[in-house]
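Me: I'd like to learn how to read a structure like this one step by step. Could you walk me through it, starting with the ligand?

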Amino acid sequence: MTDDAPGAAIRRHYAAPHLLDAILAALGEAGIDETPLDPDRLAPADQFHSRGLAATEALASLAGFAPGAAVLDLGAGIGGPARWIAKRHPVSVTGLDLSLDYCRVAARLTARCGLEDRVRFVEGDALAMPFADASFDLVWTQHVAGNIANRPQLYAEVARVLKPGGRFVLHDIFAGPVAGLHFPVPWATAPAMSHLLRPNRMKTLLGAKGFEAAAWLDMTAPTLGWLDGLAGRRTAPVGLGPWLVMGADYRTKLANLRRNLAEGRIEIHMGAFRRTA
Ligand SMILES: C[S@@+](CC[C@H](N)C(=O)[O-])C[C@H]1O[C@@H](n2cnc3c(N)ncnc32)[C@H](O)[C@@H]1O
């Protein structure tokens, strides 16, 4: 693949050839050696989005999981949300991600948790998903769309892989009323990697693809509160924590996330939509 291949910058941003070893070492240092591993034990490191596990729980309450449902986690990262869903609900979860490193880490951690019969990971691009039409009952996504410029294509793909009447739940970062961002942020080292929309623009695009809104929650204030709590704790970067996926400059990325939120440059929302057409 050439350096200017579609998605190359995003793949580089999320490249993590030593991440599995780092996570296994952190588990060992914490004395966590149970088999199968409880997926919740990994939550400090494998919920790669603002507000961590609390956000996954909140999105799950918007989603609803019918027994036996086929769930797609779009941009699954290292699989924390997918494992959390499968631990609590009798569903099967497919995680799709552009980063091969992340897919490999996700699969290994999932096997360690004994969930590999119901949770699988596939390397691929959300803009051209390697799934047949109408494959899923629910598409779930957290903090992925901000890396994707071609939103009409993204939402066309979400509509294509969803069964009619299926649901799409999202927890995303949006552009705020104030232009311009401070970089780096967790999803982008530079402006060319960041593609945020205003909420109404995204709702209009989803409407055009046949989605009807079922719920919308502004998570900006709770996220600011969470970031203030993290800054107050000043945790050293040892053991299981967000530094493992975010890298050595994680403090700068989190500080910029907070500053962008506080200055009205970004907002964070959750939404639930139903595919009507
Ligand atoms: C901030 S991480 C969030 C991971 C996961 N959703 C979570 O909350 O733990 C963003 C993820 O989106 C993935 N991603 C970005 N663009 C993508 C694309 N076009 N197709 C598939 N995955 C993509 C990245 O590889 C990365 O794993």
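Predicted model: local features only at pLDDT ≥ 70, side-chain atom pairs only at ≥ 80, totals over all residues.

Me: Which residues come nearest to the ligand, and which elements supply at least two residues of the shell?

Reply: Of the 26 residues around the ligand, the nearest are F48, H49, G75, G77 and A126. As for elements, α5 (80-88) and β2 each supply at least two residues of the shell.

Me: Let's follow β2 then. How many bridges join β2 to β3?

Reply: Strand β2 (residues 92-97) and strand β3 (residues 119-123) run parallel and are joined by five bridges. For a landmark, look at G95, which stands opposite F121 in β3. Between the two strands the chain passes through helix α6 (residues 100-112), and this β-α-β crossover is right-handed.

Me: Which strands pair with β4 in the parallel sense?

Reply: β1 runs parallel to β4, with four bridges between them, and β5 pairs with β4 in the parallel sense over six bridges. The chain goes from β4 through α7 to β5, in a right-handed β-α-β crossover.

Me: Is β4 mostly covered or mostly open?

Reply: Mostly covered, as six of the seven residues of β4 are buried.

Me: And what about helix α7: which of its residues are buried?

Reply: A general idea first: an α-helix has 3.6 residues a turn, so residues three or four places apart point the same way. In α7 (residues 151-161), the buried residues are L154, Y155, E157, V158, A159 and V161. Their cover includes β1 (70-74), β4 (136-142), β5, α8 (199-208), β6 (211-218) and β7 (266-275).

Me: Which residues touch the most other members of the largest nonpolar core?

Reply: In general, nonpolar side chains of soluble globular proteins tend to be buried together. Here the largest nonpolar core has 70 residues, and V139 and W140 touch the most other members. Strand β5 (residues 162-175) gives the most to this core, contributing six residues.

Me: What does V139 touch, leaving out residues up to four places away in sequence?

Reply: The contacts of V139 are L72, L74, V158, V161, L162 and F168.

How values were computed:
Residues numbered from 1 in each chain as written. Core = buried A, V, L, I, M, F, W, Y, C linked by C-beta atoms within 7 Å. Buried ≥ 20, exposed ≤ 12 C-beta atoms within 10 Å, placed from the backbone. Contact = placed C-beta atoms within 7 Å. Pairing = 2+ DSSP bridges. Right-handed = clockwise from strand over helix to strand, strands pointing away. Near = placed C-beta within 6 Å.
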